[in-house]
Amino acid sequence: RYYEYMFGQSRRRKRGRRPLGGRGEPELSQLQVVIESREPGCQSYPHLTSSEAYHLTVTEPVAMLKADEVWGALRGLETFSQLVHEDDYGSFLVNESEIDDFPRFAHRGILLDTSRHYLPLKSILTNLDAMAFNKFNVLHWHIVDDQSFPYQSIYFPELSDKGAYSYNHIYTPADVHLVIEYARLRGIRVVPEFDTPGHTQSWGKGMSKKVNSQKDLLTPCYSGEQPSGSFGPVNPILNTTYDFMTKFFKEISSVFPDAYIHLGGDEVNFSCWKSNPEVKKFMKKQGFGIDYAKLESYYIQKILDIVSSYNKGYMVWQEVFDNKVQLKPDTVVQVWMENSYANELSSVTGAGFTAILAAPWYLDYISYGQDWKKYYSVEPLDFPGSEKQKKLLIGGEACLWGEFVDATNLTPRLWPRASAVGERLWSSRNVTSLQDAYKRLTNHRCRMLRRGVAAEPVFVGYCAHEAR
Amino acid sequence: AENEPPWGIPCTQLLVFVATPGCNGFPSLNSKESYKLSVLEGSLLLSADAVWGALRGLETFSQLVGRDENGTYYINKTEIVDFPRFPHRGLLLDTSRHYLPLRAIMETLDVMAYNKFNVFHWHIVDDPSFPYESLTFPELSKQGAFNAMTHVYTASDVQTVIEYARLRGIRVIAEFDTPGHTLSWGPGAPGLLTPCYLGKDPSGTYGPINPILNSTYQFVTSLFQEVSTVFPDFFLHLGGDEVDFTCWKSNPKIRAFMKEMGFGEDYKKLESFYIQRLMDIISSLGKGYIVWQEVFDNGAKVRPDTIIHVWKENSTPYMEEMAHVTKAGYRALLSAPWYLNRISYGQDWMAAYQVEPLKFEGSPEQKDRVIGGEACMWGEYVDITNLTPRLW
């Protein structure tokens with residue numbers, strides 16, 4: 001596919017070699033790709049600790065791309081493809097270069113939300129292409145939420161049967177495998193998020209007494225002495241809840257090969273729990289008093305234990321840490337609240353946990369003008385802390401929540417704004433010039449257009465090959 | 001009877017009756033867009049005075065047709081008498097900040113028809129690029145387009161747009177904005193723009209159109225002669241917004257002219273001098289004109305049938321401006337609260353919806369002078385990749 005990216009758009013491309021016509025200029029005839037490790041990783045999945053470093057030497061007649069693992073070769077291939085350019089006469093040129101490159105941060109992610117709006121496969125795959133062009137390596141798939149449950153579960157088909165927007169708004173196991181493999185070939189990890197106990201309204205449609213005659217998965221809310229008819233977060237006091245979660249996460253653990261699962265844990269609204277007499281009784285019995293954060297922690301703790309038993313690591317939103325849940329040492333805490341996120345990073349890393357930063361990169365918050373600049377100007381390590389602490393910040397994610405986003409506007413809304421985040425997470429700390437970035441970003445945007453990604457304009461101007 | 005399908009007698013035909021069709025003509029500000037739609041058992045009738053009303057009625061009809069769970073198309077019994085509140089319902093596209101391929105423009109015209117818009121305000125050229133291929137002055141686009149081969153609108157392209165619009169009852173009003181917003185005109189028309197000065201010497205940069213030269217008015221006459229023929233609508237938009245006086249002030253010849261004319265230090269008078277001459281030229285070509293509000297604000301003497309386009313949101317509250325404009329006897333178009341290029345997070349359609357164009361203090365005659373408004377999609381951050389989802 002990189003051959004196509006580099007030479008495909010040329011109108012004057014000829015098959016085979018063209019005689020140089022006696023110009024006698026140096027010609028590059030080959031790019032050799034060498035993967036040095038004995039276990040290149042071609043049949044395996046990328047991991048947080050994968051090596052993405054590469055060494056690129058462009059000199060005639062043969063250029064050399066060396067990497068420890070295949071993941072580094074992918075990054076190097078992307079770079080090489082960006083070095084090749086076409087002149088006005090249809091010749092392809094590349095400058096003699098020597099590049100030694102590796103990412104600053106190991107976790108460079110994009111969050112997509114397929115619950116607020118279903119995203120057709122094509123949209124997700126195009127986005128994976130764009131991610132590869134920008135050296136992103138994690139797709140954080142926020143696959144289900146309150147509004148809809150598009151994930152077709154093998155053990156619990158009623159979840160999507162009743163919880164998806166419609167039968168046309170579902171990801172079958174085949175769809176999921178396709179995404180995972182498409183991502184893998186681009187060195188992109190797929191980390192699914194099954195957010196609980198909040199953000200679960202759609203789960204309740206399938207897992208309810210009415211449907212499968214078990215207990216409701218969600219907590220029935222009360223109006224005084226009577227059930228009000230509405231439901232709240234997952235019910236933390238029932239054994240059936242944990243039976244379900246055990247089985248459900250067994251499936252998730254086997255469907256998604258990544259070492260990590262994101263368990264959510266954000267924005268749990270306590271009012272429903274507070275209204276339910278059984279829950280209140282439970283609180284008393286457990287000695288939690290009226291501190292519902294303790295009940296939340298009790299639930300999360302049990303889910304974390306379930307997921308650990310399947311040998312998966314977990315990622316959680318910051319509330320789980322803030323509410324003092326007991327976390328395993330390799331938990332990744334995702335900091336998303338914009339208010340004093342630097343302080344939060346200090347707290348999280350100070351407590352010895354790994355962190356990833358999303359707070360300043362909520363790309364769904366659109367505004368007029370060149371907002372890529374403010375994303376570019378974020379310095380993730382700008383928080384009070386020791387060297388040791390700073391090492392615990394392993395990267396970040398640009399998030400595109402789906403309230404106002406679907407396939408009609410996803411690509412132009414995400415790109416090239418997310419490119420600014422991509423560079424911030426890959427490049428050195430001292431690569432900060434906005435002027436220089438502007439030049440390269442506008443160029444890169446035109447490149448993405450050529451490759452079929454409908455990235456929106458950065459500012460006034462044009463591309464030689466406009467989007468069709 | 002027992003065997004009759006539950007949904008009634010199938011409808012097979014929509015009869016469209018138009019009193020005075022005008023199918024081969026162009027829509028205008030005075031076109032009648034009213035229609036009557038009658039949906040009864042066994043009889044579907046759409047009647048209108050002119051074909052333009054029939055188009056609106058057809059759109060409405062197409063929205064009334066529903067489909068049930070069995071896949072059957074149905075329509076409810078309905079009686080509709082409909083006509084627009086405002087006769088000028090426009091959309092502005094900017095093809096200078098970014099070139100828009102024809103496909104983008106046509107798609108926009110389609111969606112405009114779905115939403116009963118009837119004016120396409122084509123802000124075709126501006127500072128960054130000049131994509132309009134002029135027959136009289138081919139150098140303008142040759143030197144001024146982003147790419148003279150790929151980023152231009154040929155005469156044929158323009159006719160394609162005009163006809164595509166016409167078939168949807170949409171007027172095409174071209175805007176050739178002067179004297180400001182004209183940097184891209186410079187390379188193809190040497191001597192047209194004002195050379196700016198740094199002290200005694202030309203600085204090498206250029207400003208607005210040079211209002212003191214006869215050649216300017218000759219050029220403008222020829223260009224607008226062509227534009228008047230190419231674009232059939234009665235109205236042309238002449239622009240006249242955001243004229244930066246710095247360059248004029250720096251130029252000694254212009255300063256001399258100011259003295260000669262007794263304008264003092266008031267460059268608004270020079271701006272008005274240019275605009276007035278331009279408007280005379282346009283009138284002599286048999287066209288009417290629309291101008292941005294600065295032309296009115298800066299005291300130019302405009303003809304009584306000028307339409308003033310109110311766009312500023314900050315300096316004066318736009319409702320006050322609407323009152324001033326209509327009080328002075330001019331017709332007004334409202335765009336100020338409808339700059340759709342200014343995106344923000346959330347359901348911003350609500351703010352646009354809640355605007356009440358006549359919410360200002362004034363007599364009924366004043367209010368009658370508000371002929372409508374335009375949603376504007378300026379192109380600084382917009383091209384074909386994001387135009388449609390940003391606009392609709």
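The legends below describe close-up views of a predicted model. Residues are numbered from 1 along each chain as its sequence is written, and chains are lettered from A, with ligands numbered from 1, in the order in which they are written.

**View 1. The disulfide of Cys221(A) and Cys272(A).** A disulfide is a pair of cysteine sulfur atoms within 2.5 Å, and the structure holds three of them over all chains. In this one the S to S distance is 2.1 Å. The torsion about the S-S bond of Cys221(A) and Cys272(A) is about -110 degrees, so the link is left-handed. Cys221(A) sits in strand S10 (residues 218-223) of chain A and Cys272(A) in helix H9 (residues 271-275) of chain A, distant parts of the chain that are 51 residues apart. Helices (H or I, at least four residues) and strands (E, at least two) are DSSP runs, numbered from the N terminus. Both Cys221(A) and Cys272(A) are buried; buried means under 20% relative accessible area, exposed over 50%, and partly exposed in between (1.4 Å probe, protein chains only).

**View 2. The disulfide of Cys446(A) and Cys463(A).** The sulfur atoms of Cys446(A) and Cys463(A) are 2.0 Å apart. The angle about their S-S bond is -80 degrees, and the link is left-handed. Cys446(A) belongs to helix H18 (residues 434-450) of chain A and Cys463(A) to the segment after H18 of chain A, so the pair ties together parts that are 17 residues apart in sequence. Cys446(A) and Cys463(A) are both buried. With bonded cysteines counted along the chain, the disulfides of chain A follow the pattern 1-2, 3-4.

**View 3. Cysteines of chain B, including the disulfide of Cys196(B) and Cys247(B).** Cys196(B) is joined to Cys247(B) with an S to S distance of 2.1 Å. The torsion about this S-S bond is about -110 degrees, so the disulfide is left-handed. The pair links distant parts of the chain, with Cys196(B) in strand S10 (residues 193-198) of chain B and Cys247(B) in helix H6 (residues 246-250) of chain B, 51 residues apart. Cys196(B) is buried at a relative accessible area of 9%, and Cys247(B) is buried at 8%. Cys23(B) is partly exposed, with 44% relative accessibility, whereas Cys376(B) is buried at 0%.

**View 4. Helices H7 and H8 of chain B.** The axes of H7 (residues 252-261) and H8 (residues 267-284) of chain B come within 11 Å and cross at roughly 85 degrees. H7(B) is therefore roughly perpendicular to H8(B). Angles under 35 degrees count as roughly parallel, over 145 as roughly antiparallel, 65 to 115 as roughly perpendicular and the rest as oblique. Axes are lines fitted to C-alpha atoms, for helices over the stretch in contact, and angles run from 0 to 180 degrees between N-to-C directions. Ile254(B), Arg255(B), Phe257(B), Met258(B) and Met261(B) of H7(B) meet Tyr267(B), Leu270(B) and Phe273(B) of H8(B), where contact means heavy atoms within 4.5 Å.

**View 5. Asp94(B) and its surroundings.** Asp94(B) lies in strand S7 (residues 88-94) of chain B and is buried, with a relative accessible area of 2%. Leaving out residues up to four places away in sequence, Asp94(B) touches Leu100(B), His123(B), Met377(B), Trp378(B), Gly379(B) and Glu380(B). Gly379(B) is 285 residues from Asp94(B) in sequence but 5.2 Å away in space, C-alpha to C-alpha.

**View 6. Two cis peptide bonds in chain A.** Thr196(A) and Pro197(A) are joined by a cis peptide bond with omega about 0 degrees. Pro197(A) is in the loop between strand S9 (189-196) and helix H6 (201-206) of chain A. The bond from Trp415(A) to Pro416(A) is also cis, with omega near 5 degrees. Pro416(A) is in the loop between helix H16 (410-414) and helix H17 (417-426) of chain A.

**View 7. Positive phi at Asn311(A) and Glu242(B).** Asn311(A), a residue other than glycine, has phi near 60 degrees. Asn311(A) is in the loop between helix H11 (292-309) and strand S13 (313-317) of chain A, and is exposed, with a relative accessible area of 70%. Phi of Glu242(B) is near 45 degrees. Glu242(B) is in the loop between strand S12 (235-239) and H6 of chain B, and counts as partly exposed at 44% relative accessibility.

Technical notes. Predicted model: local features only at pLDDT ≥ 70, side-chain atom pairs only at ≥ 80, totals over all residues. Heavy atoms only, no water.
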